[in-house]
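Reader: I have a structure to go through before setting anything up. Can you walk me through it?

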Amino acid sequence: MSTEATATTEVHLAIYDLSRGMARNLSTQFLGPQHAVDIIPHTGIIAWGKEYYFGQGIEWSSPYEFRISRGIHPIEEVLIGHTSVSQQEFED
């Protein structure tokens with residue numbers, strides 16, 4: 001039995017509201033309060049100090065760079081687990 005520990009990396013899900021809060025207000029006006037849309041979601045996966053997201057294909061940058069360049073910040077960031085996959089394997 002091996003006593004070697006497998007290195008793991010935390011994986012977070014960053015959830016953004018592309019409408020910056022406008023979805024709920026506008027959808028309530030058009031659809032009524034029972035059918036309001038809370039957010040227009042965009043998600044990114046954060047691991048190995050990078051944020052991976054779908055843009056023109058799968059892209060990545062530092063979370064800070066992504067947020068500043070687009071002027072949005074996550075409304076929530078959730079730890080979704082750990083991975084033993086290496087960054088090289090993931091990016092290939």
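This is a predicted model: local features need pLDDT of at least 70, side-chain atom pairs count only at pLDDT 80 or more; totals for chains, interfaces and linings use all residues.

Reader: Fine. Strands, then. What does β2 pair with, and in which sense?

Author: Strand β2, residues 41-47, pairs with strand β3, residues 50-55, in the antiparallel sense. There are 3 bridges between them, and A47 stands opposite K50 in β3.

Reader: How many residues sit between β2 and β3?

Author: The two strands form a hairpin with 2 residues between them. W48 is in that turn, with a positive phi of about 55 degrees.

Reader: Is H42 buried or exposed?

Author: H42 is in strand β2. It counts as buried because its relative accessibility is 16%, and the cut-off for buried is under 20%.

Reader: What is H42 in contact with, leaving aside its neighbours within four places in sequence?

Author: Its contacts are A14, I15, Y16, L18, Y53, F54 and F66.

Reader: F66 is a helix residue, I take it. Which residues of α2 are buried?

Author: Helix α2 spans residues 63-70, and its buried residues are P63, F66 and R67. They lie on the same side of α2, because they cover an arc of only 90 degrees around the axis.

Reader: What covers the buried residues of α2?

Author: The cover includes β1 (9-17), β2, β3, β4 and β5 (76-83).

Reader: Which exposed residues are on the face turned away from the buried side?

Author: Y64 and S69. Just after α2 comes G71, which takes a positive phi of about 70 degrees.

Reader: Switching to electrostatics. How many salt bridges does a search of the whole structure find?

Author: The search finds 4. One of the salt bridges is between the side chains of D38 and R24, at 3.1 Å, N to O. This pair links distant parts of the chain, 14 residues apart: D38 is in the loop between α1 and β2, and R24 is in helix α1.

Reader: What does K50 meet in a salt bridge?

Author: The side chain of K50 meets that of E91, again in a salt bridge of 3.1 Å, N to O. This pair also links distant parts of the chain, with E91 in helix α3 (residues 87-91) and K50 in strand β3, 41 residues apart. E91 is partly exposed, with a relative accessible area of 26%.

Reader: Back to R67. What does R67 form a salt bridge with?

Author: R67 forms one with E77, and the closest N and O atoms are 3.2 Å apart. R67 lies in helix α2 and E77 in strand β5, so the pair ties together parts that are 10 residues apart in sequence.

Reader: What is the accessibility at each end?

Author: R67 is buried, with a relative accessible area of 15%, while E77 is partly exposed at 40%. Salt bridges that share partners join E51, R67 and E77 into one network.

Reader: Now the surface. Which residues make the nonpolar surface patch?

Author: M22, L26, F30, L31 and V37 make a patch of about 500 Å². L31 is in helix α1, residues 22-31, and counts as partly exposed at 46% relative accessibility.

Reader: Last one, backbone angles. What is the phi of R20?

Author: It is near 55 degrees, a positive value in a residue other than glycine. R20 is in the loop between β1 and α1 and is exposed, with a relative accessible area of 55%.

Terms used:
Residues are numbered from 1 along each chain as its sequence is written. Side-chain values use heavy atoms; hydrogens and water are left out. Two strands pair if DSSP finds at least two bridges between them. Helices (H or I, at least four residues) and strands (E, at least two) are DSSP runs, numbered from the N terminus. Buried means under 20% relative accessible area, exposed over 50%, partly exposed in between (1.4 Å probe, protein chains only). The arc is that of the directions from the helix axis to the C-beta atoms. Contact means heavy atoms within 4.5 Å. Patches are made of residues with over 30% relative accessible area and no salt bridge: like charges are joined within 9 Å, nonpolar side chains (Val, Leu, Ile, Met, Phe, Trp, Tyr) within 5 Å. Accessible areas come from the Shrake-Rupley method with a 1.4 Å probe; for residues, only the protein chains shown count as cover.
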